[in-house]
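Subject: Structure handover

Hello,

Here is the structure for your work.

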Amino acid sequence: MGSLDSNPASFDAFAADAEGFQPLNADDVRSYLHKSVDFIYDYYKSVESMPVLPGVEPGYLSRLLQSAPPNASAPFDIAMKELREAVVPGMTHWASPNFFAFFPATNSAAAIAGELIASAMNTVGFTWQANPAATEMEVLALDWLAQLLRLPGSFMNRTSAGRGTGGGVILGTTSEAMLVTLVAARDAALRRSGSNGVAGITRLTVYAADQTHSTFFKACRLAGFDPANIRSIPTGPETDYALDPAKLLEVMQADVDAGLVPTYICATVGTTSSNAVDPVGAVADVAAPFKAWVHVDAAYAGSACICPEFRHHLNGVERVDSISMSPHKWLMTCLDCTCLWVRDTHRLTGSLETNPEYLKNDASDSGTVTDLKDMQVGVGRRFRGLKLWMVMRTYGATRLQEHIRSDVAMAKMFEESVRADDRFEVVVPRNFALVCFRIKPHTGMSEEATEAANRELMERLNRTGKAYLAHTVVGGKFVLRFAVGSSLQEERHVRSAWELIRKKTTEIMSGEVSV
């Protein structure tokens, strides 16, 4: 075996550099961050004028940047030059005020600052002892947001009476929130049904409306549920594509009669395709006799519920087992930030807890602190609570409510414009800031021809670079989604997009060829 001094010359060469490699040299940190902040400033000042969708082909970046990692160091300015010249032209600009395709990925100065500081501190708060401030900041931020949502005290870490039975954790995405609650519900159902280990998992059933996000069905498979026992319950215009409690009850009872064990129901507040709102209280009432876990996915529309006029969409939440929402969608907090609250943290930690010797400590053993590693899939975790706290601390409830109301008002304005033009129809009711619309079929126009016209409209709009819209299928109809909410959006951007939609529709109907 070689020794450390087997090649003295190499160490002599390294020693010739008096300072050596200092990746956290304070002067470099300041210099690099100043240049990065200038880049961000320029980006936000110019993003409105950039094409929302890039005109690049797959594999473009590999032709612009070297294929092998460099051996030698290079000035930071080189990386920034390549960022500007190669990376930015290939970006889809979610920050653009002309982005209307998906639910927004909102951001704010306070969130960016919080993310920067958290990244610089680079703490790994898997236990309270590993970073008391990071753990307690996350707990505080979640309790603050729970109060803004007027969640019952049973979901909070701290109440006026002291420590509650419930609590929360900040995860990366809704997928994680679904997965960890599915695992907890699975284990509870196995115990309840007297299963020996996981032998009874093939009898467990889960339920959601057909409008539920596809990530739910992925999470079910990851949690070990038999795909044959994942019930996707059809919805229709009679319920505005929301889950029908009567149908849910019918399906659950049929499963019980067949010897199966209803385990988990996902109710959504603001579905992705149509913004449908499942009736939370009624779903909880159906679930109660079966002792099935009820989870509320409010990833997008949960943010709106900080406004009193939208809070009724969460009525009945005191009877569910868990709820999640994502401030990175509509509450000015950059990715990633999904908040999960559970009514009984022990049901979650009982399935996810790990206790290796090297993490044991007096604080954890005392039972007086929350070790957030036991409420997630992994062990390591980022300091996500800081940016969420900074957003609420900086802007306050009033400004955040103002932001939500402004987006909803702009969406309402767009909806009214669509309804006023007899070439179009609004396909589903607008609940929040998403409008689902299409060119409606005219005399002698088949559904296939209508779909083709709407596809052509979407493609023409997106090719201009002046707007970006996406589509979905609701009730068998191909429809366009116009999602208001980008952090830089103003009324003029919505009006400009509408004028572009009208212009391109006129071109299609007059037979003009797109160039």
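Which residues lie nearest the centre of the largest pocket? They are Ile 40, Tyr 43, Tyr 44, Asn 107 and Ile 112, out of 31 lining residues. This is a predicted model: local features need pLDDT of at least 70, side-chain atom pairs count only at pLDDT 80 or more, and totals for chains, interfaces and linings use all residues. Numbering starts from 1 along each chain as its sequence is written, and side-chain values use heavy atoms, without hydrogens and water.

Pocket and cavity terms: on a 1 Å grid over the protein atoms alone, a 1.4 Å probe fits in a cavity but cannot get out, whereas a pocket is an open set with protein on both sides within 12 Å along at least five of seven lines. Lining residues have an atom within 4 Å of a point. Volume is the space filled by probe spheres set on the points, which are joined across faces, edges and corners.

The largest pocket has a volume of about 1100 Å³. Its lining has 23 nonpolar, seven polar and one charged residues. α2 gives the most, seven residues.

There is one cavity of 30 Å³ or more. The largest cavity holds about 50 Å³. Among its lining residues are Glu 138, Arg 381 and Arg 382.

Best wishes

Notes:
Helices (H or I, at least four residues) and strands (E, at least two) are DSSP runs, numbered from the N terminus. Ala, Val, Leu, Ile, Met, Phe, Trp, Tyr, Cys and Pro count as nonpolar, Asp, Glu, Lys and Arg as charged, and the others, Gly among them, as polar.
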